[in-house]
Amino acid sequence: MKKTLLILSFILFSLGLMAQSSLSFYGYVKDLGMYYHPVEPIPISSNKSLDYLFLNEIHNRLNFRWYASDKLTFALEARNRIYMGQMIREFPNYENLVDADNGYLDMGTILLSADSWFLHTMLDRAWIDYTSGKLQVRLGRQRINWGTNLVWNPNDVFNTFSYFDFDYEERPGTDGVRVQYYTSVTSSAELVYKIGHNNDETAIAGMYRFSKFNYDIQFLGGWVGKDYVLGGGWAGDIKGAGFRGEATWFRPRVKEDPDNFESFVASVSADYTFPNSLYLHFGTLFNSYGTTGDAGDRSFFAPDISAKMLSLGKYQLFGQVSYPFTPLLSANMSTMLNPCDGSSFLGPSLTYSLGDNWEVMLNGQLFLGRQGTEYGDYGQAVYARIKWAF
């Protein structure tokens, strides 16, 4: 009940701000349908199992900005989602998975629920920003993106995301304080404090960015959860082709912790757009703690991902090609490969623009491999989505 009142209070506060002339308001509505075929039938009782699952999600996002003055800005962003279909009816605990909030404050709640559907709302952005000269301070739930790559981000120690979660463009947020000081036009120093319920959830880390030889270079370090971290990255180009890389070393704060481990994670990528708009993207990932054997042990619906364990395998390869056949129709194919256990992922997609604010997308997630390999136990999923932005 307290969570529900908190969410409704934020929404009512945002609606009240709409009377202000300095308010920005935008968002979208999406309808996403999913068909999922597991590798093996999913048992749901002693005498019943399912060969496939259907899920439909209606997703509304509301983004508010209130520019109270030249120095002060308030932001609220809410996700409102209705889940319905066979999957909700057969797996009622799916509500708990959706309602999980990893922030310091639990700002999500189930507003309404029935046998085959439920309505969930969450505030994934709620911050106050103060900017004066070269100093910027932001307090609240916010996106802190320290990564340079487009798929795997070892430097993204605060807001790690899964590439497979394609429908969440905004990515997760962090509850904390972010202080930035711009030492020049091309350089800045940054300090972030993530609020946690205990030392294993708290983080204090800093980053310094600067430009040299036409490259953006960054170094970071600090205490993140159970680990000390030290890393760096770059972003630039070689003869018009984007060239990015980042690496982070994770060292346990408590050496005697049997559930923690030391690791070094690095990722390098390159991408290029040809004059005819053909786009190519290649990347690789190395995880020192990853296995060179069969790497299967993650769930399709709840992947346990962090910057420290972006992959369960030691090596990963990525490739992507996309091309706009017309100004309205574009196609994309992405793939991942674990070269050690031979498992792979294929992600074909088509996007068609119905108008300035309307879009239709078809997307596939095809996971291939032997049982027990990194991608071999996931199965296959097909998605259809229509989106209206306002």
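**Note on cores, surface patch and salt bridges**

1. Tyr94 touches Leu55, Tyr83, Met87, Ile88, Phe118 and Phe301, leaving aside residues up to four places away in sequence. Contact here means heavy atoms within 4.5 Å. The model is predicted: local features need pLDDT of at least 70, side-chain atom pairs count only at pLDDT 80 or more, and totals for chains, interfaces and linings use all residues. Residues are numbered from 1 along each chain as its sequence is written, and side-chain values use heavy atoms, with hydrogens and water left out.

2. The largest nonpolar core has 41 residues. A nonpolar core is a set of buried Ala, Val, Leu, Ile, Met, Phe, Trp, Tyr and Cys residues joined through side-chain atoms within 4.5 Å. Buried means under 20% relative accessible area, exposed over 50%, partly exposed in between (1.4 Å probe, protein chains only). Tyr94, Trp146, Phe158, Phe300 and Met336 have the most contacts inside this core. Elements giving two or more residues to the core include β1 (23-37), α3 (94-99) and β21 (380-389). Helices (H or I, at least four residues) and strands (E, at least two) are DSSP runs, numbered from the N terminus. Another core, of seven residues, lies apart; Leu62, Ala78, Met107 and Leu123 are among them.

3. Glu77 and Arg61 meet in a salt bridge through their side chains (2.7 Å, N to O). A salt bridge is a side-chain nitrogen of Lys or Arg within 4 Å of a carboxyl oxygen of Asp or Glu. The pair links distant parts of the chain, with Glu77 in strand β5 (residues 72-84) and Arg61 in strand β4, 16 residues apart. Both are buried: Glu77 at 6% relative accessibility, Arg61 at 0% relative accessible area. By this rule the count is 23 salt bridges.

4. Arg385 has two partners to check. With Asp167, the closest N and O atoms are 2.7 Å apart. Arg385 lies in strand β21 and Asp167 in the loop between β8 and β9 (174-184), so the bridge ties together parts 218 residues apart in sequence. Arg385 is buried at 7%, and Asp167 is buried at 8%. The salt bridge of Arg385 with Glu359 is at 3.5 Å, N to O. Glu359 is partly exposed, at 28% relative accessibility. Salt bridges that share partners join Lys30, Asp167, Glu169, Glu359, Arg385 and Lys387 into one network.

5. Arg138 sits in strand β8 (residues 135-142). Its contacts include Trp127, Gly176 and Arg178.
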